[in-house]
Amino acid sequence: MLVVMEHGATDAQVARVVAVIEEMGYQARPMPGAQRTSVGLVGNDGRIDGSSLEALDGVAEVIHVTKPYKQVSREWRQENTLVTIAPGVVFGGTEIPIIAGPCSVENEAQIVLAAQQVREAGGAALRGGAFKPRSSPYSFQGLGVKGLELLALARAETGLPIVTEALDEEGAHRVAEIADCIQIGARNMQNYALLRTIGKLGKPVLLKRGMAATITDLLMSAEYLLAEGNTQVILCERGIRSFDSATRNLFDLTAIPLVQKLSHLPIVGDPSHGTGLRDKVIPMGRAAIAAGADGLLVEMHPNPDRAMSDGGQSLFPEQLARLVREARAIAEAIGRSITPTPSAPAGTASATNG
Ligand code: PEP
Ligand code: MN
C-alpha cells in the first residue's frame, strides 16, 4: 500500500503518516519524489483498511499496489531507480554502462590484462567470477578469496569498478568486502536465504534471471532484496531455456521493455550467456541496446581459446571494442549514450596508456 501525500505536504504531516503506520505494526518507507512524497507501507498482509490513513492531514490518496511484487513495481515508484556502483557508473539513467571481462578470474596476469583491455575498449566496469557456479562439480570452481584479491588489484590498476558473483551466504560477506556490485547468478535467483542475506549487505546487486524463471519470478526475487531495505538492484536478462539447442539459451529481449514497464529498477542484457556463441554476442548486444537495456554484461577474455570457463562465448578484446563503438551509435539514435570509462588512478600503467 502506498500513501501519496499532497503536493506541499509538511514534514510533520509525513511524520504523522509514518507514526500511524508504525502504530499499526507495519514498516513505513517515506519516499520523497520530484512532485510529491509517498510513504510505502511494507508488509501489508491484506488486513489493512486504508481509510484511516486516507483521513490523515496532507494525504492525497491511498493506492493499493495490485502486483504481487510491491516495492519493485512501478505502482510503488514511478521514477526510474538509479543504481550507482561507482562514481559516474550509474544504471537506470540516460547513460548505459558496459560491464565486461572474463567469465572467471584465472590469475593475476589474466585479470589485470583483461581489465586494461576493458578500459581500452570503452567499458565502464569489470566483471569476473571468483566463486563460480558450474554445472559439473569437476569443472573449475574459481579461485575463491584469492580471486577477489586479484579483482581488487585489477581495480587499483585500472579504476574500473568490479561486479562479481556471490554463491552462498558465507561467501557473500567476503564478496561484499571487495565488490562494487554483487552478482547473484541465474542458478541462485530463487535462493531466498541468499537473497535475504545479500539484501542486508547494503551493496548494489546485479540479479540475473533464472534460466526457467518468468518475469514475475524475477521481480518477486528482486522484492526479497528490496524487502531487506536494499533498493540498489539491477536486473539482468541472460537468456532462458528453450526447446531449441541451436543457442545455449534463448535471449529474451522482450523482457527488457516489459520489465521497464512493470518496474522502476534498471535492467541490463547479457548476450554472452544469452546466446552462448561468440559470433552472436555482438549482434545481440546491439539488439539489447536497441531494445532499451540500461547496460550490458559481456564476457571478454584476453585469450578466449585458453579460457578456463565460457571461452566459446567470450569476445576477443578487439571485438569488445567494436561492440562498444556500435553500441554508441545505437544509443545515440535513441537519445542515450554509453557511459564513459572511469578515469584510471594516477601513476598506474593504465593512466599512462590513456
Ligand atoms: C556468469 O555471469 O558467468 C554466470 C555464471 O552467469 P549465469 O548465472 O547467468 O549463468
Ligand atoms: Mn560465464
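User: Before anything else, what makes a residue count as near a molecule?

Analyst: A residue is near a molecule when one of its heavy atoms lies within 4 Å of it. In this predicted model, local features need pLDDT of at least 70 and side-chain atom pairs count only at pLDDT 80 or more, while totals for chains, interfaces and linings use all residues. Side-chain values use heavy atoms, leaving out hydrogens and water, residues are numbered from 1 along each chain as its sequence is written, and chains are lettered from A and ligands numbered from 1 in the order written.

User: OK, how many residues surround ligand 1 here?

Analyst: There are 13, and the closest are R127, A186, R187, K208 and R238. Sort that shell by class and you get three nonpolar, three polar and seven charged residues. Here Ala, Val, Leu, Ile, Met, Phe, Trp, Tyr, Cys and Pro are nonpolar, Asp, Glu, Lys and Arg are charged, and the others, Gly among them, are polar.

User: Which polar atoms lie by the oxygen atoms of ligand 1?

Analyst: A polar contact is a pair of N or O atoms within 3.5 Å. R127 brings a polar side-chain atom to 2.8 Å from a ligand 1 oxygen, and a polar backbone atom of A186 is 2.8 Å from an oxygen of ligand 1. H273 has a polar side-chain atom 3.2 Å from a ligand 1 oxygen. Taken alone, ligand 1 exposes 300 Å², and the protein buries 97% of that (accessible areas by the Shrake-Rupley method, 1.4 Å probe).

User: And how do I read a pocket?

Analyst: Picture a 1 Å grid over the protein atoms alone: a pocket is an open set of points where a 1.4 Å probe fits, with protein on both sides within 12 Å along at least five of seven lines, and lining residues have an atom within 4 Å of a point. The largest pocket holds about 270 Å³ of space, the volume being what probe spheres set on the points fill. It is lined by 17 residues, with M1, L41, G43, N44 and K70 closest to its centre. Helix α7 (215-227; helices are DSSP runs of H or I, at least four residues) gives the most to this lining, with four residues.

User: Why does the largest pocket lie between domain 1 and domain 2?

Analyst: Both domain 1 (2-63) and domain 2 (83-345) give residues to its lining, so the pocket lies between them. Those bounds come from an automatic or database domain assignment. Taken over C-alpha atoms, the centres of domain 1 and domain 2 are 36 Å apart.

Terms used:
Polar contact = N/O pair within 3.5 Å; in protein donor to acceptor, adjacent residues only side chain to side chain. Helix = DSSP H or I, 4+ residues; strand = E, 2+ residues; numbered from the N terminus.
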